[in-house]
Amino acid sequence: MRRSEYLWHRLHSYALATEFSAIWVDRLELDELAQRVGADFRQARRRDRAELADEAFDIRDATVIWADRLTDDWLQIFEFRGYACSGALRELSAHGGRAVNVGWGLNGVRDLTYVSDGYHTTGFSITVPGERSGNAPAALDALAEGLMFDMDDTSWMTDPELPPEWPAFEEWSAWMEENGYSVGDEDGEQPLPEAFGDFYGLSLNGYHPSLATCVTSALTLVGRLTGREIDEAWLTESHTRLTIPHRL
């Protein structure tokens, strides 16, 4: 694992890398969070990651959030099966607060969005340099020093930490796609070379060196803002599970 992509791999180890949406909010308690996004705090339950995954799989008509204190000032919120919190950053940051969102899924990587006191402060692509919005586009620049937000950057190709077999796997994957082959044991399918097994599994979860670096950079920036990155300690603990009914 390359050091520049370690936070992507951390999420992957908890089955959170394929689709992910997180929000960080300061100056807010859990009951206030629930009130602002329309959740019934009386239905809150403490769940660990495995329990949450089991429950969230069966919930179809609501956004599921997994939230708790990250630091004395900041809440960390993961959302599943909807975007009720990432779509309510203005409400969550109202009355002097701040909120930031990072997420990606089958439709690609969303912009990092930072809102303060109910106003859109800055938003920028974490994969395309120079794409910015907001009333203070440079507000997070000091926190982005040394980070990489460019999917087209090719420095990973010469990174000594890159597994030496990865370029061969990419060539094989491109050849499979160009020739319309799929992986399997049935007639017309191609067997998966044993040496590529781990890489193939990562690629099915959206992994690519440049993307993993961009994602890790975004999460590192958020960690600098809040004072604590997504870490093993938080991911292994139980946190509050809330459901937010989808609005019709």
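Helices here are DSSP runs of H or I with at least four residues, strands are runs of E with at least two, and both are numbered from the N terminus. All of this comes from a predicted model, where local features need pLDDT of at least 70, side-chain atom pairs count only at pLDDT 80 or more, and totals for chains, interfaces and linings use all residues. Residues are numbered from 1 along each chain as its sequence is written, and side-chain values use heavy atoms, with hydrogens and water left out.

Helix α2 itself spans residues 30–37, and its buried residues are Leu30, Leu33, Ala34 and Val37. Buried stands for under 20% relative accessible area, exposed for over 50%, and partly exposed for anything in between (1.4 Å probe, protein chains only). These residues sit on the same side of α2, because they cover an arc of only 100 degrees around the axis; the arc is taken from the directions from the helix axis to the C-beta atoms. What they pack against is β3 (62–69), β4, α4 (89–93) and β10 (239–245), with contact meaning heavy atoms within 4.5 Å.

Strand β4 covers residues 74–80 and holds Glu79. Glu79 counts as buried because its relative accessibility is 4%. Its side chain has a polar contact with the side chain of Ser21 at 2.7 Å, and the Glu79 side chain also reaches the backbone nitrogen of Ala84 at 3.3 Å. (A polar contact is a pair of N or O atoms within 3.5 Å; within protein, one must be able to donate a hydrogen and the other to accept it, and residues adjacent in sequence count only if both atoms are side-chain atoms.) Setting aside neighbours within four places in sequence, the contacts of Glu79 include Ile23, Thr63, Val64, Ile65 and Cys85.

Then there is Arg49, in helix α3 (residues 49–58). Arg49 is buried but has no salt bridge, and the nearest side chain of opposite charge, Asp48, is 8.3 Å away. A salt bridge would take a side-chain nitrogen of Lys or Arg within 4 Å of a carboxyl oxygen of Asp or Glu; Lys and Arg count as positive, Asp and Glu as negative, while His and the chain ends are not counted. Beyond four places in sequence, Arg49 is in contact with Tyr14, Ala15, Leu16, Trp66, Phe80 and Leu235.

As for the cysteines, Cys85 counts as buried because its relative accessibility is 0%, and Cys214 is buried with a relative accessible area of 0%. The disulfide count is zero, taking a disulfide as a pair of cysteine sulfur atoms within 2.5 Å.
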